[in-house]
Amino acid sequence: MKLFKFFSVAGFAAAQSSPCTLITATCDHEGFHVVLSDTCRSTDYSGVTVNEVYASGWTQNSTLPVYGAPSEAPSMCRFSVDPAESTQYLMDFSFLECGTDYPDSTSTDLVYRNTIQANEYYSDMLMGAKIRYMITCTGDRVAEVTSQTGDITAETELVTTDNQNKPASWVDNIISMKFYNDAGYSAEMSGSTNVVPFGHNVYTSIELDNTWADINVRTTKCWATESSDSASSPSFTIFENSCPTLQWVNVDDSTNGASEISRFDFRSFRYPGSNQIHLHCEVYICHDDATDVCTVTCPSSRRRRRQADFDSDLTTLANGTIIQDNGLPAPKILSATIDVTDLETPVEAQRVQNKVDRLSELLGTTRSEFSKLARVIKKLQSDVNTL
């Protein structure tokens with residue numbers, strides 16, 4: 001991975017060697033990860049006092065803290081000793097913490113930013129390092145961590161530059177599709193199979209883990225196929241242009257796009273000759289402060305709307321990745337298999353399915369044991385033939 005590199009500013013004595021790398025930083029869907037090398041600090045940056053360095057938003061703090069007083073910032077906004085490596089310090093904070101903001105975001109990039117800083121004075125005397133180390137993390141599939149020019153005024157001054165790519169699949173790691181047995185979404189289906197009695201409602205919940213960033217999710221399209229291939233035929237559309245296509249599909253307009261959870265339900269159905277349907281859904285993720293453009297009001301008639309009404313434009317980048325029109329990544333299609341049974345309750349259906357799974361497992365074990373027994377018999381027969 002690429003990390004921030006530090007270089008000395010021209011003008012120091014030629015005898016002074018190039019300074020070591022004091023701080024490195026990366027980002028992913030959890031937020032910023034900053035590392036400070038204590039070995040480097042003690043050799044080239046002794047003016048830096050680790051417990052007085054903190055993250056507190058983009059703006060440099062204009063107050064003058066008393067030298068020798070540890071920072072009172074929250075613990076995640078300060079460095080602490082790496083439990084795995086005592087010669088370095090760690091600072092990890094999410095995009096919701098330490099004053100992180102994103103005013104520089106554009107239609108193609110979501111740019112989170114913060115500053116690692118310190119400003120140590122005693123009265124009018126400069127006693128330690130003045131640090132302003134600015135970091136940004138761009139939140140799309142080709143996300144970058146970049147650092148702008150900063151200054152550390154102590155024994156050595158620094159400038160920083162470089163970038164860090166975020167994994168292309170980060171958004172797919174924080175989004176999931178779940179099914180429940182009740183309208184209150186309190187009893188999640190368990191086991192390897194989603195089982196619903198024929199004619200009962202399928203309570204579907206698309207959930208996004210927004211622990212590390214202020215983002216919501218909107219369901220834009222869902223359809224069912226007879227095979228597991230989402231592009232196969234026949235295909236039956238139940239949700240399109242962010243709205244249901246049929247009267248018996250229910251969704252709460254006020255939360256679809258205004259929350260980290262998008263829920264809807266529909267009456268279970270089958271394809272002729274099959275007890276399974278394969279549900280596929282496309283979603284759109286939004287900034288949580290953009291609910292006016294992320295939520296939609298569906299027509300009461302449930303008539304289909306034109307694609308351009310609600311769905312976003314997608315852009316394919318040169319490396320083949322796809323981003324939404326708000327700069328956030330376009331998640332992959334979510335798919336799940338649903339078994340539609342003739343049994344009266346999902347609980348009974350699940351119980352039967354568990355028995356089927358267990359019998360299948362026992363059958364496999366029995367076959368394995370028979371295979372071992374056959375080899376033993378063959379060996380004994382071979383021994384008899386040699387007598």
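**View 1. The disulfide between Cys-286 and Cys-294 in this predicted model****.** Here the sulfur atoms of Cys-286 and Cys-294 sit 1.7 Å apart, and the two residues form a disulfide. How accessible are the two partners, Cys-286 and Cys-294? Cys-286 has a relative accessible area of 2%, so it counts as buried. Cys-294 is likewise buried, with 2% relative accessibility.

**View 2. The disulfide between Cys-20 and Cys-40****.** Next comes a link with an S to S distance of 1.8 Å, joining Cys-20 to Cys-40. The angle about its S-S bond is 105°, and the link is right-handed. Which parts of the chain does this pair bring together? Cys-20 lies in the loop between strand S1 (5-8) and strand S2 (23-28), while Cys-40 belongs to helix H1 (residues 38-44); the two are 20 residues apart, and the pair links distant parts of the chain. Is Cys-20 buried, partly exposed or exposed? Its relative accessibility is 24%, so Cys-20 counts as partly exposed. Cys-40, by contrast, is buried, at a relative accessible area of 3%.

**View 3. The disulfide between Cys-27 and Cys-137****.** In this view, the sulfur of Cys-27 is joined to that of Cys-137, S to S 2.2 Å. This link is also right-handed, with 65° about the S-S bond.

**View 4. The disulfides of the protein taken together****.** How many disulfides does the model hold? The count comes to 6. If you number the bonded cysteines along the chain, the pattern reads 1-3, 2-6, 4-5, 7-9, 8-12, 10-11.

**View 5. An open antiparallel sheet of 4 strands****.** Now let us turn to a sheet. Its strands follow the order S13-S15-S20-S19, with antiparallel pairing. Which strands lie at the edges? They are strand S13 (175-180) and strand S19 (249-251), each pairing on one side only. From one strand to the next, the twist averages 20°. As a reminder, strands of a sheet pair through backbone hydrogen bonds, either parallel or antiparallel.

**View 6. The pairing of S19 with S20****.** Zooming in on one end of the sheet, S19 pairs with strand S20 (residues 261-267) in the antiparallel sense, over 3 bridges. To find your place, look for Asn-250, whose bridge partner in S20 is Asp-265.

Terms used
Residues are numbered from 1 along each chain as its sequence is written. This is a predicted model: local features need pLDDT of at least 70, side-chain atom pairs count only at pLDDT 80 or more; totals for chains, interfaces and linings use all residues. Side-chain values use heavy atoms; hydrogens and water are left out. Two strands pair if DSSP finds at least two bridges between them. Axes are lines fitted to C-alpha atoms, for helices over the stretch in contact, and angles run from 0 to 180 degrees between N-to-C directions. A disulfide is a pair of cysteine sulfur atoms within 2.5 Å. Buried means under 20% relative accessible area, exposed over 50%, partly exposed in between (1.4 Å probe, protein chains only).
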